[in-house]
Structure formats: structure tokens, C-alpha cells
Amino acid sequence: MQKTLTSKLIPGAASLSVLVFLGLWQILAMVLHSSNLPLPESVALVFWQACVSGELPYHLGVTLLRLVVSFVIAMSLGCAIGILLGQHKKLDAFFDNWLVIFLNVPALVTIILCYVWFGLVESAAILAVVINKLPNVVVTVREGTRTLDQDLLEMARCYRFSKRKTFVHVIWPQLHAIVMAATRSGLALIWKIILVVELLGRSNGMGYQLHLFFQMFDVASILAYTIAFVSVIQLFEVLVLKPLDKKSQRWRR
Amino acid sequence: MTTVDINIDSKTYPAKSRASEHQAIADFKLSLNPGEFVCLVGPSGCGKTTLLNIIAGLDNDYQGRISVGQQHASPKIGYVFQNPRLLPWRTVRENIELVLTEAADPSYLDALFDVMQLTHAQHAYPERLSLGMSRRVAIIRAFAINPDVLLMDEPFVSLDAPTARQVRELLMTLWRQRPHTVLFVTHDLREAIALDDRLVFLSSAPMQVVSQIDVTIARNEREDEVKVEAFRQRLLNDYPAIKTLL
């Protein structure tokens, strides 16, 4: 009974918080009465016009494509390298300094260097994003691999599990929560970096558009594009990540 | 059923931080006859688990030779660890199916679950099982691979007496149906007498065989606590040194 009541209250609270946010925005915009903070309805109108003209879907699509490609490369490479470093102490000792360096190089430096060395091309843009995200994934997965349950790994060895079976049934389920954390922080980090990458060296995408709007002080368009992008990421969280979490945790009490 | 010959010249743990190098096992020789149920009894930390890990192929850093059977290059070892070591994200039945190299005959697994009285729990996740049930699952897993040798490392430790007795009886029912060669580790002399054909008493630092005693109570009388206790008392009177090894 208590659980049912709570599950009904949670979506209600979430909707209420969105309404309160919109209300506050509306009041603030009316009080300030400035083009620097347009009313929510003006932003909604700009959003609708940009959608109808096809401009927003195009630039959003381009950015999302870059996000997916760089995210997949960074996560797969990062997981593989992280597991390797977590399991081999000598390898980890060798690459530890590299990781610290890459973790601390500012994103802007990596982006500029990639454009200078490889030109203003798509692959340079993707590479810059991957280089920025990769060290985070490696470090997170490496730490997760270090805490793998050795008892279960010994059981797998004793019962002659193949390498594939050990990875799929023993290692991956233990890393799942860590990889999900890296996925969430990765998405948040990557899309912010992608905008900078597009702003500096591409002629399409959200970053490029935001740069144009900035030059025209078009705050309504900036907010409309931002809301569109955040909504897509939120949808991904609700439709993909949360169900994945739920499925993988079904064995818990 | 398989013969097992254990011949370990030396197993040494290297110096680590403040702990100096120490020899855990030295000149250890033990043979297990096919279908024999042998119990290792020795003080805590004397190296019994190390020995089981060596036989299971989990520890290869030793001098000596372990031979399990004649024909197998890679013998099948069933290992019941102290902690059941079940995969919590797989159901009980999936935990068993995973250790099988070939697709399991469902009726074969059903029979194992039936003997261990776990038919009702085979689709549950391990977190929902009691410790006694988890131990029974671990025993099923070890028997399921039809092992050449079965290693059991204090499988009834931290169970209350009635549960331990129940699991022990179920184990014996299963073993009578499938009499594999067993090497069993315990601190409980009564438990050892109730289960085993032969008791092997061990010393520590380094671990060596001190004495080997055959249990002379008939198998069908092992659940008679009076007879087991009488045998235990006789052992302790005849071999007073045993008291220091328990």
C-alpha cells in the first residue's frame, strides 16, 4: 500500500517541479522584461518554428551522430583498456602517468591540437572528443576491475570457464554498475565537449548554431536548442539507461 | 572414480611487506583410492585450503606433482568452497548449468536437485537462499560436473548443528549414489568420523601428514551419535597428540 502510494507520488512530484521551474522562469522574465531572458512561450514558439523549418532536427541530428560515434568509441576502448589495466599491475604502473596527464589536459587544448594536426575535418572532431572522454572511462573501469570478486574468479577458473564465459557471466555483471556510471557521466561530458568542438571547427551541429545565435544575441534560440538537446538526453536516460539498470538489478533483494 | 596422488615437495609463500618468507607445505605425500572419502584434520592456517587450491589448479606456484587419474590431461575437479561462491545474478539452476561444458540433461539436474531437496528453489536467485541452502547448491554444482575428484573445504562451517546434520545427510545420500573420490577438510572430529573412510591428521608450519587412521564404523552406523562419540573418545585416548591438531 505504502509502496503504491510512493510510486504514485514520485511522478507527481517530478511534474510539479517542472511546473514550478516554468513558473519561476515566467515571473523572472516578466519582472526583468529583457530580451536577455525571453518568456517561456517565446522560447516555445522559436522551438516550434525551428522544428518545422527542419533546421533544429538537422543540427540536433548531426550533433547526436557525433555524440554516438565518439561515445561508442570512447566507451568500448575505455572499458577494454580499463579492464586490462585493472588486471595487469605492471601494465597499469607503466600507463598510470599517461592517464594522469590525459586526465588533466584541458579539453580546449586537445580540441585545438587535433584541429591543428589533422585539419578541420570530421575525424579530428571525433578524435578530440574521444581523447577527452577516454581517460575518465579507463580510470573508472580500472578501479572497478580492481575490486572484482576474486572468489568468483577462482570459482570460474576451477570449473574451467572459457575466457568468454568468465567475461560474460562473472566479470561483466560486476562491472555493470560502474560502466553505467561512466555512461551517465560520459554522456554529460561528451555533449558539452562536442559543442565546443563544433563551435571551433565545424560548419554544422548544435555548437555551430549556438555560436551563430551568440553573435546575434538571440537568447530565445539558444534556450530552444538547449532544451531540445537536454530533452533528448533525458529521453535516453528514461527509455534506455533506466530500463537497463532495472533489468540488470533484478536479482537483488 | 579416480585415484589421486599428491606429492608436494614444497610450497613456499614469498616474503611480503613485513611478513617473512614461510614454507606452508613440505614433503607432503598422500594417495586417495578410487571412491575413497578422505578427511584432512589440522589446525587453523596449517595449509589445508592451500593444498586444495593446488589440487584444483588454482595455485601452481609449488614444487611437486599432483596426479588425478591416469588418462586425463585436465581432470575435472569439483570444489565446494567454504563460501558457496554462487553467482548472485544467476538463478540457482543457471549457476549449475554454467559449470557444465555440454548442454545438461534436464532429468540429470532434476535428480540432483531432488536428492538435495532444492527442487522448489532452483529458479530463485542465491540472495534469497539461506546459508544452508546455498551450501547445498554448491554441493550440487560440484557433483553436476561428474568430477574425477571432489574437494570440500569445511562445507558445513557456520551452519547451526541441525542444519549441518541435515546437509551432511543429504551429501551422504548423494555420494552413495555417485561415489566420487573426495578430499574433505574439517575441524570437527565428529563430522569427520561420520563422513569419512580415512582421517589424515596434519601438523602446521610446514604442513605434513602426522598420522592416518581408518574409520572402522560401518557406513550404515555413522549417524549413530553414540557410536561416533565412542570412536572419537577412543581416538583421543589412543592418540593424545590429536588434541593439539584440532
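**Reading a predicted two-chain model**

Reader: How many residues stand between E8(B) and E9(B) in their hairpin, and which residue in the turn has a positive phi?

Author: Four residues separate the two strands of this hairpin, and Ala205(B), in the turn, has a positive phi of about 45 degrees. Please bear in mind from the outset that the model is predicted.

Reader: Which way do E8(B) and strand E9 (residues 208–214) of chain B run, and how many bridges join them?

Author: The general idea is that strands of a sheet pair through backbone hydrogen bonds, and that the pairing is either parallel or antiparallel. In the present case E8(B) and E9(B) run antiparallel and are joined by six bridges. One pair to locate in the structure is Leu202(B) with its bridge partner in E9(B), Val209(B).

Reader: How is strand E3 (residues 37–41) of chain B joined to strand E8 (residues 198–203) of chain B, parallel or antiparallel?

Author: These two strands run parallel, with four bridges between them. Here Leu40(B) has Val200(B) of E8(B) as its bridge partner.

Reader: In what order do the six strands of this open sheet stand?

Author: The order is E5-E6-E7-E3-E8-E9 in chain B, and the pairing is mixed. Strand E5 (77–80) and E9 of chain B are at the edges; each has a single partner strand, so one side of each is left without a neighbour in the sheet. From one strand to the next, the twist averages 20 degrees.

Reader: What is the order of the open sheet of three strands in chain B, and what is its pairing?

Author: That sheet has the order E2-E1-E4 and antiparallel pairing. Its edges are strand E2 (22–32) and strand E4 (63–68) of chain B, and because each has a single partner strand, one side of each is left without a neighbour in the sheet. On average, neighbouring strands here are turned by 15 degrees against each other, direction ignored. Strand E1 (residues 4–13) of chain B runs antiparallel to E2(B), and nine bridges join the two. Among the paired residues are Asn7(B) and its partner in E2(B), Lys29(B).

Reader: Which strands does helix H1 (residues 48–56) of chain B touch as it packs on the sheet?

Author: Helix H1 of chain B touches E1, E2 and E4 of chain B, and its direction makes about 120 degrees with that of E1(B).

Reader: Let us turn to chain A. How many helices and how many strands does chain A have?

Author: Chain A has 10 helices and zero strands. Its C-alpha atoms fill a box of roughly 70 × 65 × 30 Å along the principal axes. The domain assignment divides chain A into domain 1 (1–33) and domain 2 (39–248), and the C-alpha centres of these domains lie 29 Å apart.

Reader: At what angle do the axes of helix H8 (residues 163–201) of chain A and helix H9 (residues 206–215) of chain A cross?

Author: As a general idea, two packed helices are described by the angle between their axes and the distance between the axes. For H8(A) and H9(A), the axes cross at roughly 65 degrees and come within 6 Å. The crossing is right-handed. Residues that make the contact include Ile194(A) and Leu199(A) of H8(A), and Met206(A) and His211(A) of H9(A). By class, this contact has eight nonpolar, two polar and one charged residues.

Reader: How do the axes of helix H3 (residues 55–87) of chain A and helix H6 (residues 122–146) of chain A cross, and at what angle?

Author: Their axes also come within 6 Å, and they cross at roughly 35 degrees. H3(A) passes H6(A) in a right-handed crossing. The residues of this contact divide into 17 nonpolar, seven polar and four charged.

Reader: How many residues of chain A are in contact with chain B?

Author: The contact involves 13 residues of chain A and 17 residues of chain B. On the side of chain A that touches chain B, helix H7 (150–158) and H8 of chain A each supply at least two residues. H7(A) gives the most, with six residues. By class, that side of chain A has seven nonpolar, one polar and five charged residues.

Reader: Where in chain A is confidence lowest, and where is it highest?

Author: In general, where pLDDT is low, the predicted coordinates should not be read in detail. The mean pLDDT of chain A is 89, and 95% of its residues reach 70 or more. Confidence is lowest in helix H1 (residues 2–32) of chain A, at a mean of 78, and highest in H7(A), at 94.

Technical notes:
Residues numbered from 1 in each chain as written. Chains lettered and ligands numbered in written order. Predicted model: local features only at pLDDT ≥ 70, side-chain atom pairs only at ≥ 80, totals over all residues. Pairing = 2+ DSSP bridges. Axes fitted to C-alpha atoms, helices over the stretch in contact; angles between N-to-C directions. Contact = placed C-beta atoms within 7 Å. Left-handed = near helix turned anticlockwise from the far one by under 90°. Nonpolar A, V, L, I, M, F, W, Y, C, P; charged D, E, K, R; others polar. Domains from an automatic or database assignment. pLDDT = per-residue confidence, 0-100.
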